[in-house]
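Biologist: Let us go through this model together. Please put the sequence and structure up, and I will ask as we proceed.

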Amino acid sequence: MARYLVRRLLQMIPVFVGATLLIFLMVNVMGDPVAGLCGERACDSATAAQLEREFGLDKPVWQQYATYMANVFTGDFGTAFNGQPVTELMATAFPVTIRLTLVAIVFEIVIGIALGVVTGLRRGRPVDTAVLLGTLVVISVPTFVTGLLLQLLLGVKWGWVRPSVSPQAPLDELILPGLVLASVSLAYVTRLTRTSIAENRRADYVRTAVAKGLPRRRVVVRHLLRNSLIPVVTFIGTDIGALMGGAIVTERIFNIHGVGYQLYQGILRQNTQTVVGFVTVLVLVFLVANLLVDLLYAVLDPRIRYA
Amino acid sequence: MRGRTRVQWALAVAVAVLPLAACTSGAGAAGGSVLSSSWGDPQNPLEPSNTNEVQGGKVLDMIFRGLKRYNPRTGRAENMLAERIDTTDSRTYHVTVKDGWTFSNGEPVTARSFVDAWNYGASLRNNQKNAYFFGYIEGYDKVHPDSGKQTADTLSGLKVTGPRTFTVTLGQKFSTFPDTLGYAAFAPLPRAFFTHHKAWLDKPIGNGPYTVESYTKGAQMYLKKWAGYPGPDKARNDGVTLMVYTDSNTAYTDVLAGNLDLADDIPAGQLKNVSSDLDGRYINTPAGILQTLAFPFYDKAWNTEGARKVRTGLSMAINRAQITKTLFRNTRTPATDWTSPVLGEDGGYQAGLCGAACEYRPAEAKKLVQEGGGLPGGQVRITYNADTGSHKEWVDAVCNSINNALGDDRACVGNPVGTFADFRNQISQHKMPGPFRAGWQMDYPLIQNFLQPLYYTDASSNDGKWSNKQFDALVDRANAETGQKAAIGLFQQAEKVVRDNMAAIPLWYQNGSAGYSERLRNVALNPFSVPVYNEIEVG
């Protein structure tokens, strides 16, 4: 187990370097950041040159990348164009997005798995058909449509919730955005769980458990569900990274100042430091989430052993 | 055993989540007569000489007062901190600052407050984006050379002559110079700005009717009424909370839900229902913004006598009235000159100066384009940035109009560029394949500002590199003129040169728009399309 962990951690290094280099190059290809920084009116050449020097943009790209990575390892992610250190932006953005992601994941787990179990056990019944139809609708409608619609109905027409989230982004205000963010994944989790449960219902160990005379609840939760969760856990694990980085649409609709907002603004203003910094952290989140998923396999299925 | 582990797990997760959930506190509209207003994250640090966009400008307009202030109704430059600005030769100006003004930290506003601020703004070392505003002052080439190191720290043209008096010497005659002093870049700065710069940026100190009470970067700023404000335009409310919105649609939704008091910039998609949604609490007033199509004069094909006819022909092929009415729902007005109605007749605005060239005349348009040798390359590609505003919509509409007029489906196509930054980039590298979107938001309400920075040879925003000796000579003469009226007359003559050459196609004058909640009264936008916050009454 320990050796496996070390191997996995070592594998992360090339992935991390490769991913950040790719992002760095892509952002650089987009063009001269100083032109974007100056806005509608071009900066005079002297100021532009001075800004380039200050942000190190006059050096060759490989050198920029090397200095950047060296700084990153000392915890310095550079300065955004508005004069704020990128770490400061991260400190405000990540807690908000983590909260939002947690709300979304809780929705996925609670609603998604519950629906999946119910439909998996009652395959072909009306409740199964109804839920399947529902998930189909949710998957096929884009997030911004669901988001705007729910915002208009619940926020403006019925006045149940605030249509936008305040800067502090407390948990209760994140329930609606979290649900919207989770909606598509939730539908997938339902379908995954349903298929998995339906398949494993006929497995030998379930028959054995029933034959042993275990109560139905224990059979379903302990034996059937636990073994059926592996694909679902894989999905949710990778979804954590996707939800954190992919909340741009949801964060815009509900005015949440999280990672998506910072990324969006960073791209619009061609702010290399912000974009690369945030994406670097997201890459780390992906890697760690994936590792955790792999380790969870062993917990869920005793037959899986790592060496 | 297993069961217990699971409980422990759940506990651990709960403990990890709790601190995240704990930091919740009240937000939104504060009580009393404080109003909340939509805002965007300022692009640059909030230094007056470093702010060249409207969101940072909003704050500066609330916390600073300069020598002059533009009347929010008429746009006329009026004395604010200036007691007198005298000159005999349009080159050396003697400025006297009014007595009794202080910054909100108690420090008196003196001549030095201005001179230090301007020197800071001009100095190359400080990377100030509005540095070129000080370019008229003598010695600018020393503190801000085009290349190489600066050889002086202060402008030789600025001299403090007394506690409340200083002189400004310009590098050339510039008769309307005093009227430019209402621009935020010319604001005075307290000593704290220089001695505790970082702290100042976190919580700017100024001399305007509001003081910054709290500022959470990227989220919100609470500006409180400054009770000790010595000026005549005291705040009529207790304060303003500026809330950052990433999407103007969300801000609009929040106004509908009563969560936000004031949203400026109503999204285009909501314009058709805004009157009924807000029951008349909607304003739509002219702002000093002109949208044009600029041309790449560095491209030989566009810089010929024939191309002049083609440009005029293209202008006639655009049905401005229809586009502004159906697409913009009258938040734009068809342009008939190269300035803006907010200048007023006295300020140099001349309705109809463009004449027939700005009217929709498809038959003549087709004829002119043919006479001019056809479209360069057989097709015009209008370049625009697709990330903000509704540029795609109007460029498509303009192309449609051109295609219909010329009877050719492929005469005009849009050429979208992904981000504004990249768009600017391609413009500065002279890579425009044809006409491109150009918008001009005035810095100060003077006809000079609509002409010189855009069409003078090698001027700061002359992106198409248009150059015309006659125009340059007229602008030089206008700037040297001592009389306001005569200067404006000469600028208008220069504008006629722009017209005769169709240096840029004027499209429409842009309005500022805003919607507000039932709590507010007396809401107005100034010519810079910024709400006049200090006049808003709450309750």
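Biologist: How many of the eight residues of helix α9 of chain A are buried?

Modeller: The number buried in α9(A), residues 204–211, is zero, so this helix lies largely in the open. A residue is buried if 20 or more other C-beta atoms lie within 10 Å of its own, exposed if 12 or fewer, and partly exposed in between, with C-beta atoms placed from the backbone. Helices (H or I, at least four residues) and strands (E, at least two) are DSSP runs, numbered from the N terminus. Please note that this is a predicted model: local features need pLDDT of at least 70, side-chain atom pairs count only at pLDDT 80 or more, and totals for chains, interfaces and linings use all residues. Residues are numbered from 1 along each chain as its sequence is written, while chains are lettered from A and ligands numbered from 1 in the order in which they are written.

Biologist: Which residue with positive phi follows α9(A)?

Modeller: Gly213(A) follows α9(A), and its phi is near 90°.

Biologist: Turning to the interface, how many residues of chain A are in contact with chain B?

Modeller: On the chain A side there are 53 residues, in contact with 51 residues of chain B. Contact here requires C-beta atoms, placed from the backbone, to lie within 7 Å.

Biologist: Which helices of chain A each supply at least two residues of that side?

Modeller: Those helices are α2 (33–38), α3 (45–54), α5 (86–121), α7 (143–157), α11 (248–253) and α12 (259–268) of chain A. The side of chain A that touches chain B has 24 nonpolar, 20 polar and nine charged residues. In this classification Ala, Val, Leu, Ile, Met, Phe, Trp, Tyr, Cys and Pro count as nonpolar, Asp, Glu, Lys and Arg as charged, and the others, Gly among them, as polar.

Biologist: And chain B as a whole: how many helices and strands?

Modeller: Chain B contains 18 helices and 19 strands. Its C-alpha trace spans about 85 × 75 × 50 Å along the principal axes. Of its 539 residues, 52% are buried.

Biologist: In what order do the four strands of the open sheet in chain B run?

Modeller: The order is β4-β5-β7-β6 in chain B, with antiparallel pairing. Two strands pair if DSSP finds at least two bridges between them. β4 (82–87) and β6 (158–160) of chain B stand at the edges with a single partner strand each, so one side of each has no neighbour in the sheet. From one strand to the next, the twist averages 20°.

Biologist: How many bridges join β5 to β7 there?

Modeller: Five bridges join β5(B), residues 92–97, to β7(B), residues 165–169. His94(B) has Thr167(B) in β7(B) as its bridge partner. Helix α3 of chain B, residues 111–122, lies across β5, β6 and β7 of chain B and runs at about 155° to β6(B). Axes are lines fitted to C-alpha atoms, for helices over the stretch in contact, and angles run from 0 to 180 degrees between N-to-C directions.

Biologist: Is β14 of chain B largely enclosed or in the open?

Modeller: Five of the six residues of β14(B), 380–385, are buried, so this strand is largely enclosed by the rest of the structure. β14(B) pairs with β15(B), residues 412–417, in the parallel sense over six bridges. Val380(B) stands opposite Cys412(B) in β15(B).

Biologist: At what angle do α13 and α14 of chain B cross?

Modeller: The axes of α13(B), residues 362–371, and α14(B), residues 391–406, cross at roughly 80° and come within 8 Å. That makes α13(B) roughly perpendicular to α14(B); angles under 35 degrees count as roughly parallel, over 145 as roughly antiparallel, 65 to 115 as roughly perpendicular and the rest as oblique. Pro362(B), Ala365(B), Lys366(B) and Val369(B) in α13(B) meet Asn404(B), Ala405(B) and Leu406(B) in α14(B).

Biologist: Where is Asp458(B) found?

Modeller: Asp458(B) is in the loop between α16 (447–455) and α17 (469–480) of chain B. Asp458(B) has a positive phi of about 60° although it is not a glycine, and with 8 C-beta neighbours inside 10 Å it counts as exposed. Lys465(B) is also found in the loop between α16 and α17 of chain B.

Methods. Two residues are in contact if their C-beta atoms, placed from the backbone, lie within 7 Å.
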